[in-house]
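Please look over the sequence and the model before reading on.

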Amino acid sequence: MEERPETELISIPATPRVSTPEIQTPSGQRSPRQGSKEAKSSNAWTPTSFISPRFLSPIGTPMKRVLVNMKGYLEEVGHLTKLNPQDAWLPITESRNGNAYYAAFHNLNAGVGFQALLLPVAFIYLGWSWGIISLIIAYCWQLYTLWILVQLHEAVPGKRYNRYVELAQAAFGERLGVWLSLFPTVYLSAGTGTALILFGGETMKLFFQIVCGPTCTSNPLTTVEWYLVFTSLSIVLSQLPNLNSIAGLSLVGAVTAITYSTMVWILSVSQQRPPSISYTPLSLPSSSASVFSVMNALGIIAFAFRGHNLVLEIQATMPSTFKHPAHVPMWKGAKVAYFFIAMCLFPVAVGGFWAYGNLMPQGGTLAALYAFHSHDISRGILALNFLLVVFSCLTSFQIYSMPAFDSFEAGYTSRTNRPCSIWVRSGFRVFFGFVSFFIGVALPFLSSLAGLMGGLTLPVTFAYPCFMWVLIKQPTKYSFNWYFNWILGWLGVAFSLAFTIGGIWSIVTNGLNLKFFKPS
């Protein structure tokens, strides 16, 4: 009998790794489970830790290759996530090639916006001490809940919670999770989109007035027509297919937001302050009015830290494997983003209140700059600042509208069991843009209701993540972690009720007569 070589006797074909099949999407993107590069060895024990280089050293090369392949296969299967095929058709999850840079761009674009310019308005009622203390507490609190959401994205093995509502359903139950999370998240997307149309359109109008000059003889557009111009530009940009495809827009939005925030507070503190300036909190005729004003001011601060409804959606655009989980690049990008967010929000709040005190208009720092120093600052610099605000609003509209687009397409694909065509997808986005426009025309004061919006949406950022951590992670009962998260969660709910009442009181007492660029 002829003797065959030893390698031929024990040669076994390498076991292929299991991966999620690629699915073609309407935009030409693919949504595979991305392969990962070989990671550095970890000290953490895994079911395949026994297959180590020391264990493999006395074994021949072919058998070593088989065991190495088996190790990779077991590690991949141990982290295999069951993906819903429908996710490959939806704009948030159809492309999973995100990274830490994309996470930083998206978080920064969502975290810095026109709401930062309203922070000095809160200081009118809180004063220096309580204003700064409240801002620091809110920043640290929301940074902690951001970390919670990043960790809970894959809290259950084999499951990725790609949307905020999905995580709420896992924590609170199918029905209660929808009731608790759907309204505030939809309100954040639709309400913020409408507010951006109003704020961006008004800013475009003032930009035209500054560029045209006082001797301009042309017939300017009305305010509503400027809203329509801004809406049309937003709809054109919204035709980009998915969340990863707007990473470039988020980068533009992040750069413009940092630039105009820095310019606003530097220009404000460099000019001479008004002679009648005062830093004493405004005194109101009754104690109840003072309490409600303080609650509304705290709601404005809470509204400045909106954006947690997008955290899971941003993380869902990243590949995730056993060796390279998605929470690692997401947290890296978020830390960089929130460092720059702090560098924008704190100087605007402190510098704006120092420059204008309790003379700050309801429209915020940009309104004060235009009202008090439009004749002192170069027209070119002032126009550039307003133009950067317009760019930032246009890019913020895209990322805050993406959850609404995703919901529309999810409803369509679940009923038809097929992806949206390009025309259907475009129709949804045109519909959303013009609905937001008509709401803005009907309720032109909406974008000034920062206190009310902050109160209604506060649980999304400050309360629900703490409850979710306790219900999903289940820390030891009566431990510090257990008490800490329950207390933070219920404090968030109580503040939400108080800030909402304060926001409603502010609307009623001001008679809905809120304007962007009208000094108080």
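Buried means under 20% relative accessible area, exposed means over 50%, and partly exposed lies in between, with a 1.4 Å probe and protein chains only. At 3% relative accessibility, D406 therefore counts as buried. This is a predicted model, in which local features need pLDDT of at least 70 and side-chain atom pairs count only at pLDDT 80 or more, while totals for chains, interfaces and linings use all residues. Residues are numbered from 1 along each chain as its sequence is written, and side-chain values use heavy atoms, with hydrogens and water left out.

**Salt bridges**

- Side chains of opposite charge can pair when their charged atoms come close.
- The structure holds seven salt bridges, a salt bridge being a side-chain nitrogen of Lys or Arg within 4 Å of a carboxyl oxygen of Asp or Glu.
- D87, R163, E166 and D406 are linked in a network of such bridges.
- R163 is buried because its relative accessible area is 11%.
- E94 forms a salt bridge with R425, and the closest N and O atoms are 3.5 Å apart.
- This pair also links distant parts of the chain: E94 is in the loop between α3 (61–78) and α4 (100–111), and R425 is in helix α15 (residues 422–442), 331 residues apart.
- E94 is buried, at 0% relative accessibility, and R425 is buried with a relative accessible area of 6%.

- Helices (H or I, at least four residues) and strands (E, at least two) are DSSP runs, numbered from the N terminus.
- Axes are lines fitted to C-alpha atoms, for helices over the stretch in contact, and angles run from 0 to 180 degrees between N-to-C directions.
- The axes of helix α5 (residues 119–152) and helix α10 (residues 287–304) cross at roughly 55° and come within 9 Å.
- α5 and α10 are therefore oblique to each other; angles under 35 degrees count as roughly parallel, over 145 as roughly antiparallel, 65 to 115 as roughly perpendicular and the rest as oblique.
- For α14 and α15, the axes come within 10 Å and cross at roughly 125°, so α14 is oblique to α15.
- α5 passes α10 in a right-handed crossing, and the crossing of α14 and α15 is right-handed.
- A crossing is right-handed if the near helix is turned clockwise from the far one by less than a right angle, and left-handed if anticlockwise.

**Backbone angles**

- Most residues other than glycine have a negative phi.
- N417, not a glycine, has a positive phi of about 60°.
- N417 is found in the loop between α14 and α15 and is exposed, at 61% relative accessibility.
- Y478, not a glycine, has a positive phi of about 70°.
- Y478 lies in the loop between α16 (450–473) and α17 and counts as exposed, at 52%.

**Surface patch**

- Y478, Y483, I487, L491 and F495 make a nonpolar surface patch of about 490 Å².
- Patches are made of residues with over 30% relative accessible area and no salt bridge; like charges are joined within 9 Å, and nonpolar side chains (Val, Leu, Ile, Met, Phe, Trp, Tyr) within 5 Å.
- Accessible areas come from the Shrake-Rupley method with a 1.4 Å probe, and for residues only the protein chains shown count as cover.
- Y483 lies in helix α17 (residues 480–509) and is partly exposed, with a relative accessible area of 40%.
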